[in-house]
Amino acid sequence: MQYFEPNFVDEALVLLDRFGSGARLLAGGTRLGFALRSDPRDVAALINLKRIRELERVEERDGTLRIGALVTAQRIATTPVIREHAPLLARAAGSMGARQLRSIATVGGNICSGDPASDLVVALVACGARCEIAGVEEPSRVLPLERWLDERATGVQAKELIGWVHVPVTQHVAAYEKMTQRRAFEMALVAVAFRAQREGAALRDVRIALGGVGPAVLRARGAEAVLSGAPLSAASAREAARTAAERDARPRDDARASAEYRRHLVTTLVERAIRNACGDIAGIAS
Amino acid sequence: MPERSGSATIGSKLPRLDSPAKAQGQAVYVADLQPQDALAAALLRSPHPFARIVSIDIGDAKQMPGVRAIAYSGNTPAKSLDFGIKDQLLFPRDLVRYAGEPVAAIAAETEDQARAAATAVKVAYEPLAPVLSIEEALAPGAPLVHPDWQSYEKGANRVTDRNICGLNRIRRGDVTAALARADAVVESSFIFSAGAPGYLEPRAAIALREPDGGLTVWCGSQSPYGNRDDLADFFGLDPQRVRFINQFVGGGFGGKILMAAEWYAAALALQCDRPVRLVFSRHEDGLNLFPRHGGKATFRSGASKEGRLLGMEAAFFFDTGAYVGYGAGTALIATMLASAPYRIPAVDLSATLVYTNKQVAGSVRAPGGPQATFAKELHIDELALALGMDPLEFRLRNAWQDGDRSPTGQLLEGVRVKETLEEAARAIGWEARRAPGRGVGIACSWWFSACGRSEARVEVRDDGSVHVHSGNPEVGTGSAAGALPLIVADRLGIDPTAIVLTLGDTATQTYDGGVGGSASTFSAGQAVKAAAEDVRRQLLERAEEALEARRDDIELREGRAQVRGAADHGIPIGELAAQAGTPIAGRGVTEEISDPEFDASLVQSHDFASWLAPSFVTSAAEVEVDASTGRVVVHKIATAQDVGFAVNPAGVVGQIEGGAVQALGYGLCEELQFGPAGIINTGFHDYLLPTIIDAPKVEAIMVESPSGAGPFGMKGVGEPPVTTPAAAIGNAIRNAAGAVPYTVPMTPERVWRAVKDRRDSRI
Amino acid sequence: MVEPQSSLLSVLRDHLKLTGTKEGCSTGYCGACTVLVDGEPVNACLFFAVDADHRSVTTIEGLSPERGELHPLQSAFIESGGLQCGFCTPGMIMSALGLLLAHPAPDEAAVREALAGNLCRCTGYQSIVAGVLEAAPKVRGADAAPARKRARSRA
């Protein structure tokens, strides 16, 4: 296995191009390391991104929060500009794993790990995050995180790397809810992130992301439609929660929980998230 | 009151002697030993839960790079291990009986080479239909886990019948008539999941064949002497030439009583002349660990409307896995706990041990205790609720008192059930009004003190140092590193921190039965006490001469022998040793204590029908239940335990606090899951131990009711505190939410479902 | 030889023979291998050794000011009974130190939050929490200031 520490994104892309499917990008490596140590045979090149300074940057510019792929969960949870403009993201990041893991795990690594219940990804999807992607063939492109996740599922972007995530800075209300079997240090059974803009008693641009109830993090588009543009009420919150559970979620039975229980958790947690985010709206405070 | 010497060291709070080394990372565990020339070992394991071995061919593997030894059925003794039923070989020959069962061991220059060679061992299997549950095992015409069960040698009192490898029963009075008379009768059924011991240190061993034909094994065991004897016996070696050197042990909880890595490292070392090092990864450790038994139970009991228990039937079934191993105790203890600590005139209590194609269940901390206590105490609450009685009041009304008899007819004295119930109830605030969603529960039980053989040597050297050799290994409990030095310090009037301890090295020739059955301080303490008293006698004798004083006027204090009331008229004990020209040494051995009498006509096939120096324990819990998710938050556990006498109160509190959180894991989140390829959740990401966030406030209350048997009147303390908390949590969940799952662990999903089912049934 | 994929844990234990840092699971789910990298707690089993290049790594061996002398956290764990089998202890102490460097006066909830990634099977945790709270004022006096400065200069 060859090892590289490129200083610039372009350099990393050249290496990606050269080694193709034998290349692995290292950005934290909480998942990669275990796999690599168990069986390093298929890996020709390990490309450590740590020297690429710009990938560590967090900045707010023109209504967009740009977070570099190497930013750790701990920094997301504690950086003031993120806590101010994307408290949902900071909260989700702070609830992830345990303190030691949060020092290592990066936003880029988390997105690429494909974990269907990743706290960071669930929150980012609800935030309407977009990925800025650098590729060998073309200049960088920016696309919604969900679309990138879909593309990833079909395996198109072998020679690209996620450089940054963009989170739009807008006035909004948000909440993050998750359920685990024990009370800490565990992958969520179900995670729900909710973010919306308030216009009086109505909600606009509602985004609800669900973790743990499908092959990847999902948008609860049915539930979003129930809430978007209409005045919020206890009944509509309940209806949205039911829609998220029955139409949007795609849980399956596994060793940790039944699909039925996960569906139930979606109902409970979506309703809770709406209440927590919009608790001051008449009639729905818990 | 227990005897105390002038120094009053006993019963004081001593930080364990090994704690500075542990806090500085200097304590050496087996995996920390990395001999330069060590070979690395790897195991080949069965991928099938049940299969016929058609052939094993090690030819290719032997030719693999770096391979130095291969051990398997073809080159190791075809001798059965003896756990009461001779049903197990070191390496399987005809049949593999669980997925993960080691079939061959390989030693090579590097770990990667050993692993590569393991995959090159060719084993031809013919898979068979496995038996994966108690129901499947007992179904008519079920495949037999041991087709040759009838030919196995077995001990007296061992019942075998096809897939059954243990069955015991306690019967007293006429239960049918008693229940017919009862004003309320309830029946409840319970399911227990299997659990892992959960020690943080994966098992490991290093073995080296010595030039004289002997063998040295570096291990992290709960029972180095027992292991040495088993290993020597199996390989036909002279036990005196086999040396087990126990390192610090990163937790055992019953999971390190029997050997695992030691067997394979030794089998390989006997084929070569270099140390063989086998360190399990967490995953590998999980593949052949000794779990806490899963199983099930059905209880049926009745009481009068005044709240008197009249009769109880209880039937347990335990899934013991592929071999009997150390499984028998769980079933024997379960029937002893089933109706205790209550006066019940008529009982019929049975427990059946069942073979399945799974990992061999073991003797995890308080084997059978959490299971039996969970079932009986939730059942007792159900009966109290059916009578409309307060569960605490119902227990107090039926609790054993001095002079009562156990279900097997043992006369009970020094009974402290009521005190522990009252103390735990007080600590939890039983009567307090609580917010909706909050509830309290209580559960009580009893336990035994076990006394195994133990030997000790105590030496005072001319430099004044005091050396204590005990075969009892320190596995974390603090018996050996906390209680034993206190006992010696007390007898010799010295500072306990000045003691040099040598533990668990068989070369010191101080045999010890090992850590198990809460026996450590009880047994090893007795031996150490006797050895220290022997030294004390010699010191006083010599001081008599040296100080020209009457023996009765001499006291041992602060490392000196001195005339009472005349501190300047004395001599350091090291000086006495110097004058003697040899260390002043004493030996001590546990005295045989016979088990209390019981009525043999009340039991069938029961080897453990009376309990020495029994102790009593109650836990109370306060919980908060979120019925919409099933989330249970345990706010507090209070455990009141009759410890006889606390030799080392800091150690006892540590056992009670740690026991409470282990029991919380058993009750709420720990569950071994089995698939066709064995245990699914071998890791700590999927087998969930409680974290510091899950851990509640724990209040430890020591009730001291001295036993006649233990040193200073003590009783075994390690196991009782893990038996009652899960049951108390269960009863608290029902108190808070109106329903509780009768399955442990009571996961959020199970709690949610129990509450929902109750709600649905009301609509 | 240290390979690109080697974990910091294997370099510490196998190459440098610093065996005070323990291997409990090698998957980041027990915390026994916790060490500080530039003052921040990490799981050494997950952390790539190459990522520790040019950074300061503190293990349990580096905690005592002088050999034989105890760090206030070590004394507090001993006094409070916050250790039994001792296998989780080095990692637990390093996590606690990481907390105290960043938050010199934590409350009980903050201690529990910071130690959530360190499993202990023996103690029930209560004595560990007590030990960390007891050590906090002493650690403030001892070594918080320089280490905080280190952490700041990196961020």
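In what order do the strands of the open sheet of 7 strands in chain B stand? I looked this up in a predicted model, where local features need pLDDT of at least 70, side-chain atom pairs count only at pLDDT 80 or more, and totals for chains, interfaces and linings use all residues. Residues are numbered from 1 along each chain as its sequence is written, chains are lettered from A and ligands numbered from 1 in the order in which they are written.

Entry, sheet. I read the order as β26-β9-β17-β16-β15-β10-β32 (chain B), with mixed pairing. Strands are DSSP runs of E, at least two residues, and helices runs of H or I, at least four, numbered from the N terminus; two strands pair if DSSP finds at least two bridges between them. β26 (603–604) and β32 (743–744) of chain B each have a single partner strand, so one side of each lacks a neighbour in the sheet. I followed β32(B) to its partner β10 (residues 184–192) of chain B: the two run parallel over 2 bridges. B:F192 lies opposite B:V744 of β32(B).

Entry, helix. I checked α17 (residues 725–737) of chain B, which has 13 residues and reaches 18 Å from first C-alpha to last, close to the 18 Å expected at 1.5 Å a residue (1.5 Å times one less than the number of residues). I found 13 of its 13 residues buried (20 or more other C-beta atoms within 10 Å of the residue's own, C-beta atoms being placed from the backbone). Just after α17(B), B:G738 has a positive phi of about 85 degrees.

Entry, chain contacts. I noted 14 residues of chain A in contact with 15 residues of chain B (C-beta atoms, placed from the backbone, within 7 Å). Helix α12 (residues 259–277) gives the most on the chain A side, with 4 residues.

Note on methods. Two residues are in contact if their C-beta atoms, placed from the backbone, lie within 7 Å. A residue is buried if 20 or more other C-beta atoms lie within 10 Å of its own, exposed if 12 or fewer, and partly exposed in between; C-beta atoms are placed from the backbone.
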